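This report covers a ligand site and a sheet. The structure comes first, and the description follows.

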Amino acid sequence: MKKQEMQQQKIGFINYTVAHPHMRAALDTALAAVRAGGAGSSIVIVTGPTGVGKTTLARKLRQNLQADYQDIIDENPEQIPILYGNAVAAQGASFSWKDFYSRLLKRSGEPLVERKLDIDHQQELFSDIPLARYRGNETADVLRQSVEICMRERKVRCLIIDEAHHILMVNDPKKLEFQFEAIKSLAIQTGAVIVLVGTYRLLDIRDQSGQLVRRSEIVHLPRYDVNTPSDVAKFKTALLELLEKIPVAHKLNGEKDAKHFYVKTGGEIGILKDWLVRAVDRFYQAGAKKFDLDFVDQYALDNKALRRIILEALEGEEKLRDIDEKDLEALLMGDVPRATVAASKRGRSVGRVGERKPVRDPVGGAYA
Ligand SMILES: Nc1ncnc2c1ncn2[C@@H]1O[C@H](COP(=O)(O)OP(=O)(O)OP(=O)(O)O)[C@@H](O)[C@H]1O
Ligand SMILES: [Mg+2]
C-alpha cells in the first residue's frame with residue numbers, strides 16, 4: 001500500500017467515533033440540561049474517568065448546540081451562541097483566571113484583549129487611579145468584566161469549558177471558595193449556561209458550595225462496569241465495532257478476548273481507541289507482518305498505569321453515589337453532633353456528615 005493511502009486510512013480510523021450507549025446517554029442528558037438552561041441549572045458538570053471520552057462528548061455537544069443556533073449565526077455572524085474554551089493547567093502555581101479570560105476573549109474575537117492586558121495603557125485611561133490597582137487580581141477583574149460584557153454582547157447562550165478541573169487547582173485551599181464564586185458569578189452575570197467538563201475532581205464543586213449545588217446538574221459519562229450485567233454486552237458491541245474499523249487485516253478476536261480488552265482498558269472506550277490507534281501507527285511504521293493480540297499488547301498501557309486510572313474511577317464513582325435518605329433525616333433531626341457538622345463542612349477527614357462509609361460492592365460480575 002502506498003504511504004499516502006496508509007496515512008489516509010490511519011486518519012480515517014483516528015477520526016472514527018463509536019456512538020456507544022454511555023456516550024449517547026450522556027450527550028442526550030447534557031443537551032437537555034443546556035437546552036433547559038436558565039430554568040434552574042445554569043451550570044452543567046460533565047464528568048467521568050480520565051480517557052473515557054469527555055472531550056469527545058464536549059465537542060459533540062458543541063456541534064449539536066451550534067446546529068440549534070445555525071439560523072441565528074447565519075443571520076448575525078457577530079453572535080457566538082456557543083463558546084468553547086479550555087481551562088489550561090496551572091504552571092506550578094494556581095489556575096490563572098487572567099490567562100483563562102484573555103484566551104476566552106481572543107477566542108471570541110474580542111479585538112481589545114491586548115489593550116486590556118496592557119497595564120500601562122490602563123493607567124493612561126484611568127490616570128486618576130494608582131497603577132497598583134491594576135496589578136495581579138485587578139487585571140483578572142478587568143478581564144472578567146470584559147468577558148461578561150463580551151459574552152452578553154455576543155449573545156453567548158452556552159460556554160463550554162473543557163479540562164475544567166484545572167480551575168480547582170489552587171495552591172491555597174482557602175482560594176477554592178473564590179474559584180466557586182468566580183464560576184457562579186460568570187453564570188449569573190452572563191445569563192449563559194456554563195458547562196464544566198472534567199474529571200471527578202469537579203465534584204468538589206458540588207460537595208463544597210451549596211449555592212453552586214442549587215444551580216448545577218451533573219452529567220456522568222462512566223466507564224463500562226462489569227458488575228452491571230448490561231454493560232458487559234455494551235462494551236463488547238463497542239469493542240467489536242472498533243475492531244472492525246481497524247484499517248489493517250488483523251487477527252483480533254473481540255468475542256474470545258473481550259475480558260482481556262476490558263481489563264486492559266478499565267472498560268473505557270477512549271483508552272481502547274487510543275491503544276488501537278497506537279498499535280496501527282506502529283504497525284505501519286515498523287512495516288510489521290502480523291496484527292494479532294501479541295502485537296497489539298505491546299502498545300497497551302502498563303498495568304500500573306491502568307491500576308491508577310481504575311482506582312481514580314472507583315473513587316469518583318463512590319463520590320457520585322448518593323447518600324441514604326435516613327442519613328439526611330438524621331442530619332435534619334439533630335442526631336448528628338454540631339461539632340461533626342462543622343468539621344465536615346470545613347472538609348476535615350471525619351467522613352462527610354450524612355454519608356455512608358465507602359463500601360465495596362461484590363465484585364467480578366460477568367467476568368468473575
Ligand atoms: N466513542 C468514541 N469512539 C472512538 N474514539 C473515541 C471515543 N471516545 C473517545 N475516543 C478517543 O479516545 C481518546 C480519549 O478521548 P477523550 O480525549 O475524549 O477523553 P477524555 O475523557 O477527555 O480524556 P482526558 O481525561 O484525558 O481529558 C481520544 O483519542 C478520542 O478521540
Ligand atoms: Mg479531555
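## Ligand site and sheet

The shell around ligand 1 is made up of five nonpolar, eight polar and four charged residues. The model is a predicted one, and every value below is computed from it. In total, 17 residues surround ligand 1. Val18, Lys54, Thr55, Thr56 and Asp274 are the closest of these.

As for secondary structure, at least two residues of the shell come from helix 3 (54–68), and at least two come from helix 14 (269–286).

| Residue | Protein atom | Ligand 1 atom | Distance |
|---|---|---|---|
| Val18 | backbone N or O | nitrogen | 2.8 Å |
| Gly53 | backbone N or O | oxygen | 3.0 Å |
| Glu163 | side-chain N or O | oxygen | 3.4 Å |

Taken on its own, ligand 1 has 630 Å² of accessible area, and the protein covers 79% of this.

Five strands form an open sheet in the order 2-3-4-1-5, and their pairing is parallel. Strand 2 (82–86) and strand 5 (216–220) are at the edges, each pairing on one side only. With direction ignored, neighbouring strands of this sheet are turned against each other by 20° on average. In general, the strands of a sheet are paired by backbone hydrogen bonds, in a parallel or an antiparallel manner.

How many bridges join strand 2 to strand 3? There are five, and strand 3 (residues 158–162) runs parallel to strand 2. Asn86 has Asp162 of strand 3 as its bridge partner.

Conventions: Residues numbered from 1 in each chain as written. Chains lettered and ligands numbered in written order. Predicted model: local features only at pLDDT ≥ 70, side-chain atom pairs only at ≥ 80, totals over all residues. Heavy atoms only, no water. Near = heavy atom within 4 Å. Polar contact = N/O pair within 3.5 Å; in protein donor to acceptor, adjacent residues only side chain to side chain. Areas by Shrake-Rupley, 256 points an atom, 1.4 Å probe, with all protein chains shown as cover. Helix = DSSP H or I, 4+ residues; strand = E, 2+ residues; numbered from the N terminus. Nonpolar A, V, L, I, M, F, W, Y, C, P; charged D, E, K, R; others polar. Pairing = 2+ DSSP bridges. Axes fitted to C-alpha atoms, helices over the stretch in contact; angles between N-to-C directions.
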